[in-house]
Amino acid sequence: MFADWPLLSLTVWTPIIGGMAVLFSGDKSDTMGVRKLALVVSVITFILSIGLYTGFDASTANMQFVERAEWISTFKIFYHLGIDGISMPLIILTTFTTVLVILAGWEVIQKKVAQYMAAFLIMEGFMIGVFAALDSMLFYVFWEGMLIPMFLIIGVWGGERRVYATLKFFIYTFIGSVLMLVSLIYMYYQGGSFAILDMQNLKLGMTEQTLIFLSFLMAFAVKVPMWPVHTWLPDAHVEAPTGGSVILAAIMLKIGGYGFLRFSLPITPDASHSLDWLIILMSLVAVVYIGFVALVQKDMKKLVAYSSIAHMGFVTLGIFIVFQIWANPSNVNQAGAVLAVEGAMVQMVSHGFISGAMFLMIGVLYDRMHTRQIADYGGVVNTMPVFAAFAVFFSMSNTGLPGTSGFVGEFMVIIASFHANFWYAFLAATTLILGAAYTLWMVKRVFYGEVANENVRKLTDLNQREFFIMATLAVAVLVLGLWPAPLIDVMEASIQNLLHHVAISKL
Amino acid sequence: MTLESLNTLITLPEIFLLCMACAILVIDVFLREEQRNVSYVLSQLTLLATFVLVLAGRTDQRLLAFNDMFVQDALADTLKLFILAIIFVVFVYSREYLRERDIFKGEFYVLGLFGVLGMMLMVSSSNMLLLYLGLELLSLCLYAMVAFNRDNGDASEAAMKYFVLGAIASGMLLYGMSILYGLSGSLDITVIAKTTIVGGASNIGLVFALVFIIVALSFKLGAVPFHMWLPDVYQGSPTTVTSYISTAPKIAGFAMIMRLLVEGMGGLHGDWQMMLVILAVLSMGLGNVIAIAQTNIKRMLAYSTISHVGFILLGILAGNAVGYAAAMFYTLAYAMMTLGGFGIVIYMSRAGFEGDQLDDFKGLNQRSPWFAFMMLILMFSMAGVPPTVGFWAKLAVLGAVVDINMVWLAVVAVAFSIIGLFYYLRIVKLMYFDDAIDTQPLECGRDMQLALSTNSLAILVLGIYPAGLMSLCVGVFG
């Protein structure tokens, strides 16, 4: 009987409508009731999204769970939803992370609880909508709409410089996306349709493709964020409340990577090919240079933020290295292209878990000490042994320790890079050293050594709620690290199809 | 000539409105001060009844009356309905505001009704003389309303500026019209249309007339560089009057452009297109940039209006049905957003306190979470962020210019909308991120709460489902 349900719509709208309910119940009921309602809504959404996995047919690259209804007939805009192997894992990542984020804000948030919970739920719905939309205008509505809750989350519940950070975040992303809007409108008047799949088959000349590619690049590069448009991220991360940082790192950044896969590559394959050097350059700069920047951070959140940028460099590298792999004359059997994109996808999901965990970890410390400065800590392992165990584990996975999910994606991308050029692989692999350096050095300074001061001595270990969050994420990181096959199987067909499409010139 | 040939029946809503406005004027004289509510209720009933009359008489055909002076078509009917509805809401917003300032007088409503009559004539005119009469009827009512709080220096100054500049603009319009009359021998817009098609752009006299008419239209709409009156008038007027001036008259202004430029001088499209491009770019640029520097929200919204006018012109300059529909959609969306925006300003005010400084919005989320949320919707809509109607309005006009291969203009427009984003976000920042300075409780009547909430939620609902309004606009030009 569930087969007839519009499961995708339910997954999108349950959190939005639930969030509205939370918002309006806020003034009357007690805050505990609000928290419970928010948790219930997020859990229901997660369960619904599990249905997307169980009902998913991994053998085909076609869109599944498709829903299509006329929305705005004047512009031939449809309410058109559907998922493939690229978007489905990201949707589940979203619903999973939101449950943890609601839990993470359970006690910490005392101010305007209803608005806080509602903002996260509504944003969850918008983010799922971004991944599920097959009409570019629907995509754009969700894409821009999700900025509003995030703007408020950073601005209302953030740290000292929250206003600066949130305005910077909003304006950066808005600047990036409006030119994409013009491109979408342009393609509508060329092809007569706003459907993403129609745009992928639309014939475009080289000049048009280049301009459209650049406008997409602005939108997605800001979101990822790629060097040199990454500067909003450290500010936003540092000032956002823990939950906001987690959503930013775990999901919002992925939307940029998803945009490259869904829009840039298939719509402008020739421009992507001719400008791949630019993306690869920007990615490698992110991996190497930002790695060094992370090394010198004094603020834990900033450190993890820079490490996110470096890790997302792997994603964009994996996506655009395929052209170099194809172009490499010594790579006769064209191996490695699928591996590269799969590596990028695995890296996105894995980074969702790991960066989420890292920010939650910092949140745990911040809630107790109200400082993020590394220098204020030392010897935390003596007072919080359980927490320290988790922290070391997540830090190890952040550096790409084999057996954790962090290893899988990076390894796949590095292997694939060898098929293109030794030096790409060499530079990319420096992250294994740099990542270990900045993460483990932070761990050493924060957790080991003698107890640094009285505040650290008074620390209490994880409570049950925090333990549950950490343990869940640890399991996810381990499972994905030891047995990534289910994830790779799900996306295999879609990525094959995508690369097949990209290999055909539109000219 | 018989009475039947005048075809008076299709002007029934206007005749009814005129009679009622006169009747209310007389009745008001006999009311005691505490009975002043009667005038208000009667005015609202009049608007409602006129609305029903227009609705009942709606037609898809083009009907003419009074020797082809007066035209009834889909455009006129639709715009009239919106004008009536918007002024109804303006009146709801006005009651407490006027009462708190001891200017709750019947004259306000009578002037308002005559203004509505002027606007209805403007949207229904197929003759330049009637157009001019409608415009002057509206303008004179507006001058008086701006000065309604006569002991207020700012208001008197605003009224004076408005009157002088408005009179110059009217003069320009008359000058242009007289040249057109000289060249075509008629005031009838359809006859002029034939002249412009035949004469075309080669006729220097026609282009001369066009320039005068465009200048006058720009004055009335507030397009740069003819915008100087607008910020002063918006700021100086009582807020209820600002909400009147900034909403329905823009719809009438849109109709005036449609009647004069599109219907009357469609043959000169190539000429006025380039003029409108310049006006649009200047308006979007200057409006958005200067709005950033404002500390008074009425003044800020005035500059925001100027930039919105630029966007409306984008749709019109496209010169095809898609563009006109987009411009109409934008105009209607703009009118609703601005109405809500000034509604919130009225909500913030109380006796002896205007609440029109940006700092007055600090901490609104603590004082009144619901209306802070409403203002949030309005601000994001004006900035063009989905899911609000403002986004679809921008999409429609951008689509219209992309359609005529002016992608560069679309890029310019979005660039300015990024600049505009900043000052709308600042309002949200003040409401949500800052602590309140003013801690007096915010109160207003049930009717105002209901109207303001409906107004703002309509922006959101139309943002989620804009298809109805959009196909209505397309249908008018289809």
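**Exercise 1. Leaving aside neighbours within four places in sequence, which residues is Thr240(B) in contact with?**

Before we start: this is a predicted model, where local features need pLDDT of at least 70, side-chain atom pairs count only at pLDDT 80 or more, and totals for chains, interfaces and linings use all residues. Residues are numbered from 1 along each chain as its sequence is written, while chains are lettered from A and ligands numbered from 1 in the order in which they are written.

*Step 1.* Find the spot: Thr240(B) sits in helix H10 of chain B, residues 239-245. Helices (H or I, at least four residues) and strands (E, at least two) are DSSP runs, numbered from the N terminus.

*Step 2.* Apply the contact rule: C-beta atoms, placed from the backbone, must lie within 7 Å. With neighbours within four places in sequence set aside, that gives Val90(B), Tyr93(B), Ser94(B), Tyr97(B), Leu98(B) and Ile346(B).

*Step 3.* Check the surroundings. A residue is buried if 20 or more other C-beta atoms lie within 10 Å of its own, exposed if 12 or fewer, and partly exposed in between, with C-beta atoms placed from the backbone. Thr240(B) has 28 of them within 10 Å, so it is buried.

**Exercise 2. Work out how chain B meets chain A.**

*Step 1.* Count both sides: chain B brings 25 residues to the contact and chain A brings 26 residues.

*Step 2.* Find the helices. On chain B, H17 (389-403), H18 (407-433) and H20 (467-477) each supply at least two residues of the side touching chain A. H18(B) gives the most, with 12 residues.

*Step 3.* Sort by class. Ala, Val, Leu, Ile, Met, Phe, Trp, Tyr, Cys and Pro count as nonpolar, Asp, Glu, Lys and Arg as charged, and the others, Gly among them, as polar. The chain B side then has 20 nonpolar, 3 polar and 2 charged residues.

**Exercise 3. Describe helix H14 of chain A.**

*Step 1.* Take the length: H14(A) covers residues 300-327, which is 28 residues, and reaches 41 Å from first C-alpha to last.

*Step 2.* Look for a kink. H14(A) bends by about 35 degrees at Phe320(A), the bend being the angle between axes fitted to the seven residues ending there and the seven starting there.

*Step 3.* See how covered it is: 26 of the 28 residues of H14(A) are buried, so the rest of the structure largely encloses it.

**Exercise 4. Trace the strand pair of chain A.**

*Step 1.* Strands pair if DSSP finds at least two bridges between them. S1 (residues 64-72) and S2 (residues 77-83) of chain A have 6 bridges and run antiparallel.

*Step 2.* The hairpin has 4 residues between the strands, and Lys76(A) takes a positive phi near 55 degrees.

*Step 3.* Check the cover on S2(A): 5 of its 7 residues are buried.

Note on methods:
Contact = placed C-beta atoms within 7 Å. Expected span 1.5 Å × (residues − 1).
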